[in-house]
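Thank you all for coming. I would like to walk through one structure this morning, and I will take it step by step for those who have not seen it before.

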Amino acid sequence: MSTRQSSQVRSLQSRSSKSGPNNLIDISTPAGEEITIRHQEGHILVCNACCCGNTEKGFPAVPLETWKSEWKARSIRKRVHLTIAGCLGPCPLANVVLIIYRGACVWLQAVNSPRQVKQVYDYVESMMSAGRYVSLPVQLEKLHFTRYDFDTGSCSPTDHVEEYSAPAEG
Ligand code: FES
């Protein structure tokens, strides 16, 4: 975050004690407008596309109602966004979920049951309580797979942070 952006983050009192601060930030658009969005800690992307959830292809259904109802019931929407997504890529591993939390990317496969969905939310809430990435709990370890060379179930995402230097325009 730039210094300029940092100064524009506004912490407002949230109506829900569970949802934490309501951090809003003003973003300058290429057209010169200022648009306010919410700064978030994380994002859960649940694939429900050509293979994930496609029972006609022999894959288990995605427990979409549990994904949505737990997200609402846990009052975390102001801190962690939920997206029911199109294809995330590794189709044969259906049902695929990507958790992004404070720079960490955690990929899970075969998240097929409401019980597993609740375990994923429990895990995400454990990171929210800690305010940082934490390792996967034992019950989710068997679902983890590596998609990127910086995927993690065990290492710090800050190990991979380097400053990008754009090439000079010629
Ligand atoms: S359909 Fe889920 S990864 Fe492609």
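Let me begin with a question: at what angle do helix 2 and helix 3 pack, and how far apart are their axes? Before I answer, please keep in mind that what you see is a predicted model.

The answer is that the two helices pack at an angle of about 35°, and their axes are 9 Å apart. The crossing of helix 2 and helix 3 is right-handed. On the side of helix 2 the residues that meet the partner are Thr66, Trp67 and Glu70, and on the side of helix 3 they are Pro114, Val117, Lys118 and Tyr121. Sorted by class, this contact between helix 2 and helix 3 has 4 nonpolar, 1 polar and 2 charged residues.

Is tryptophan 67 buried or exposed? Tryptophan 67 counts as buried, because it has 21 C-beta neighbours inside 10 Å, and the cut-off for that label is 20 or more. If we leave aside its neighbours within four places in sequence, tryptophan 67 is in contact with Val46, Leu82 and Val117. Tryptophan 67 and lysine 118 are 51 residues apart in sequence, and yet their C-alpha atoms are 8.1 Å apart in space.

Let me now step back to the whole protein. There are 4 helices and 8 strands, and read along the sequence they follow the pattern α-β-β-β-β-α-β-β-β-α-α-β. Of the 170 residues in the protein, 22% are buried. When we consider the contacts between residues at least 6 apart in sequence, 59% of them join residues at least 24 apart.

In what order do the strands of the open sheet lie? The sheet has 5 strands in the order 5-4-6-7-8, and the pairing is mixed. Strand 5 and strand 8, which covers residues 144-145, are the edge strands, each pairing on one side only. Helix 3 packs on this sheet, where it touches strand 4, strand 5, strand 6 and strand 7, and its direction makes about 10° with that of strand 6.

If we go through the pairs one at a time, strand 4 and strand 6 run antiparallel and are joined by 5 bridges, and isoleucine 44 has isoleucine 99, in strand 6, as its bridge partner.

Strand 7 is mostly covered, since 4 of its 5 residues are buried. Strand 7 and strand 8 are antiparallel as well, joined by 2 bridges, and the partner of leucine 108 in strand 8 is histidine 144.

The next topic is the interior. In soluble globular proteins, nonpolar side chains tend to be buried together. In this model the largest nonpolar core has 30 residues, and those with the most contacts inside it are Val97, Ile99, Leu108, Val120 and Val124. Strand 4, strand 6, strand 7 and helix 3 each supply at least two residues of this core, and the largest share, 7 residues, comes from helix 3.

Finally, I would ask you to look at a few places in the loops. The peptide bond that joins alanine 94 and asparagine 95 is cis, with omega about 10°, and asparagine 95 lies in the loop between strand 5 and strand 6. Serine 75, in the loop between helix 2 and strand 5, has a positive phi of about 55° although it is not a glycine. Alanine 110, in the loop between strand 7 and helix 3, likewise has a positive phi, near 55°. Serine 75 is partly exposed, with 15 other C-beta atoms within 10 Å, and alanine 110 is partly exposed with 17.

Technical notes:
Residues are numbered from 1 along each chain as its sequence is written. This is a predicted model: local features need pLDDT of at least 70, side-chain atom pairs count only at pLDDT 80 or more; totals for chains, interfaces and linings use all residues. A residue is buried if 20 or more other C-beta atoms lie within 10 Å of its own, exposed if 12 or fewer, and partly exposed in between; C-beta atoms are placed from the backbone. Two residues are in contact if their C-beta atoms, placed from the backbone, lie within 7 Å. Axes are lines fitted to C-alpha atoms, for helices over the stretch in contact, and angles run from 0 to 180 degrees between N-to-C directions. A crossing is left-handed if the near helix is turned anticlockwise from the far one by less than a right angle, and right-handed if clockwise. Ala, Val, Leu, Ile, Met, Phe, Trp, Tyr, Cys and Pro count as nonpolar, Asp, Glu, Lys and Arg as charged, and the others, Gly among them, as polar. A nonpolar core is a set of buried Ala, Val, Leu, Ile, Met, Phe, Trp, Tyr and Cys residues joined through C-beta atoms within 7 Å. Two strands pair if DSSP finds at least two bridges between them.
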